[in-house]
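Me: Hi! I'm new to this one and would like a friendly walk through it. Could you show it to me first?

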Amino acid sequence: MSLVVLAVDDEPPALDELAYLLNADGRVAHVHRAGDATEALRVLRDTEVDAVFLDIRMPGLDGMELARILRRFAQPPAIVFVTAYDDGAVDAFDLGVTDYVRKPVRAERLAESLRRVAGLRATTAPPLPPDEPAIPVELAGTTRMLPRSAVRWVEAQGDYARLHTGETSHLVRVSLATLAERWANAGFVRIHRSYLVQLRLVTELRLTNSGYVVSVYGVELPVSRRHTRELKDRLIRAAKHDWTR
């Protein structure tokens, strides 16, 4: 598949390097360039592209704002953030980006992004299924998109949060409070100042000598006194809902 892509970066050397690496990949037929979001919108007004490789921190309309505009297109292009920072990971998750690449960009890492874009175009799938959002995580030096449905519980670690799955865990640069707010509608419940759990995965709420704990796939997590009443109520409501379905 031949891809038409748009590279957007306000720093000319970074834009040149990104365009060079994209052009060097055999799956790319043409690379359009834009030095800011406004210029990118002008290109997109006249040209249909398969993917936008987009810096986040730019003057004026930044990359995150541009991505929100692109998501409203009738046929939105795949969005790949290319950035030197990881503090946009959660917002990227909200927008459903196809990939999140850290600078300095490596050819093999960009090739992985293009493989994903090509796969989406081949199946005519949207950049992100609405029922399967994902969040960028680092794994062995590579940014991967972790489905939120794979997260069992979240643990606060300072200004970061550790996402626990069945196989491993991933540290992301976002506070537990932010995830608690953004993931509330997905069934995640705050049980402690340091823990957020997926309610449907709680199999037991038990009183111990040191206080209440919940069990999630056999792992016991503490429940603080201030969150105990709300958690009990939520579990009871969830159980009643299951009984009456």
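Me: Thanks! Which feature does UniProt place at Asp55?
Reply: The UniProt entry, which is unreviewed, lists "modified residue: 4-aspartylphosphate" at Asp55. Keep in mind that what you see here is a predicted model.

Me: Good to know. Where is Asp55 in the fold?
Reply: Asp55 sits in a loop, with β3 (51–54) on one side and α3 (63–70) on the other.

Me: And is Asp55 buried or exposed?
Reply: Asp55 counts as buried, because its relative accessibility is 6% and the cut-off for buried is under 20%.

Me: What is Asp55 in contact with, beyond its sequence neighbours?
Reply: Leaving out residues within four places in sequence, Asp55 contacts Val8, Asp9, Asp10, Gly63, Val82, Thr83 and Lys103.

Me: Let's follow Thr83, then. Where is Thr83 found?
Reply: Thr83 belongs to strand β4, which covers residues 78–83. Thr83 counts as buried too, at 1% relative accessibility.

Me: What does Thr83 touch?
Reply: Not counting residues up to four places away in sequence, Thr83 touches Asp55, Ile56, Tyr100, Val101, Arg102 and Lys103. Lys103 is also among the contacts of Asp55.

Me: New topic: helices. At what angle do α2 and α3 pack?
Reply: Helix α2 (residues 37–46) packs against α3 at about 25°, and their axes are 10 Å apart. So α2 is roughly parallel to α3, since angles under 35 degrees count that way. Their crossing is right-handed.

Me: Which residues meet there?
Reply: From α2 there are Ala37, Ala40, Leu41 and Leu44, and they meet Leu66, Ile69 and Leu70 of α3. By class, this contact has seven nonpolar residues, with no polar and no charged ones.

Me: What comes between α2 and β3?
Reply: A loop, and Asp50 lies in it. Asp50 counts as buried, at 18% relative accessibility.

Me: How far is Asp50 from Gln75?
Reply: Their C-alpha atoms are separated by 9.6 Å, while along the chain Asp50 and Gln75 are 25 residues apart.

Me: Zooming out, how many helices and strands does the protein have?
Reply: There are seven helices and 15 strands. The protein has 245 residues, and 46% of them count as buried.

Me: Last one: what share of the contacts joins residues at least 24 apart in sequence?
Reply: Taking contacts between residues at least 6 apart in sequence, 54% join residues at least 24 apart.

Methods:
Residues are numbered from 1 along each chain as its sequence is written. This is a predicted model: local features need pLDDT of at least 70, side-chain atom pairs count only at pLDDT 80 or more; totals for chains, interfaces and linings use all residues. Side-chain values use heavy atoms; hydrogens and water are left out. UniProt positions are given in the numbering used here, feature names are shortened, and annotations may be inferred rather than shown by experiment. Helices (H or I, at least four residues) and strands (E, at least two) are DSSP runs, numbered from the N terminus. Buried means under 20% relative accessible area, exposed over 50%, partly exposed in between (1.4 Å probe, protein chains only). Contact means heavy atoms within 4.5 Å. Axes are lines fitted to C-alpha atoms, for helices over the stretch in contact, and angles run from 0 to 180 degrees between N-to-C directions. Angles under 35 degrees count as roughly parallel, over 145 as roughly antiparallel, 65 to 115 as roughly perpendicular and the rest as oblique. A crossing is left-handed if the near helix is turned anticlockwise from the far one by less than a right angle, and right-handed if clockwise. Ala, Val, Leu, Ile, Met, Phe, Trp, Tyr, Cys and Pro count as nonpolar, Asp, Glu, Lys and Arg as charged, and the others, Gly among them, as polar.
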